[in-house]
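Thanks for coming. I have one structure to go through today, and I will keep it short. Please look at the display first.

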Amino acid sequence: MALDWKKRLEDELEVLQQTRDELRVQVHLGALEVQEIWGKAEDSWEHLESKVKHLSQATQDSAEDVEEATKLLVQEIKAGYKRVRDAL
């Protein structure tokens with residue numbers, strides 16, 4: 001079960017990384033409002049990376065809490081990227 005979740009997380013991160021790379025170029029040329037939205041999404045990305053690093057160190061009990069927090073961060077980043085894409 002934990003391995004299944006880990007694989008899904010890795011897949012989500014791969015998609016987010018690709019979207020992030022594509023949007024980074026577009027944002028560089030974009031308006032200030034878009035750059036502010038991007039900045040918030042980047043803050044969430046950095047927080048997500050930190051959570052993923054700690055996930056491997058977490059005990060089983062706290063791993064469930066980290067998993068839920070990570071899922072929320074992934075959704076937050078997706079929403080931020082959608083707002084950036086819509087603003088472009």
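Start at Val84. Setting aside residues up to four places away in sequence, Val84 touches Leu23, Val27, Val34, Ile37 and Trp38. Keep in mind that this is a predicted model.

Val84 also belongs to the largest nonpolar core, which has 19 residues. Together with Leu16, Trp45, Leu48 and Tyr81, Val84 is among the residues that touch the most other members of that core. Which elements give two or more residues to this core? They are H1, helix H2 (32–55) and helix H3 (60–87). H2 gives the most, with seven residues. As general background, nonpolar side chains in soluble globular proteins tend to be buried together.

Now to Leu13, which sits in helix H1, residues 2–28. Is Leu13 buried or exposed? Leu13 counts as buried because its relative accessibility is 18%, and the cut-off for buried is under 20%. Leaving out residues up to four places away in sequence, Leu13 touches Trp45, Leu48 and Val52. Val74 lies 61 residues from Leu13 in sequence, yet their C-alpha atoms are 8.0 Å apart in space.

Last, the chain as a whole. It has three helices and zero strands, so the order from the N terminus is written α-α-α. Of the 88 residues in the chain, 31% are buried. Among contacts with a separation of 6 or more, 76% are between residues 24 or more positions apart. The chain exposes about 6200 Å², and carbon and sulfur atoms supply 52% of that area.

Technical notes: Residues numbered from 1 in each chain as written. Predicted model: local features only at pLDDT ≥ 70, side-chain atom pairs only at ≥ 80, totals over all residues. Heavy atoms only, no water. Helix = DSSP H or I, 4+ residues; strand = E, 2+ residues; numbered from the N terminus. Buried < 20%, exposed > 50% of the residue type's maximum accessible area, 1.4 Å probe, protein only. Contact = heavy atoms within 4.5 Å. Areas by Shrake-Rupley, 256 points an atom, 1.4 Å probe, with all protein chains shown as cover. Core = buried A, V, L, I, M, F, W, Y, C linked by side-chain atoms within 4.5 Å.
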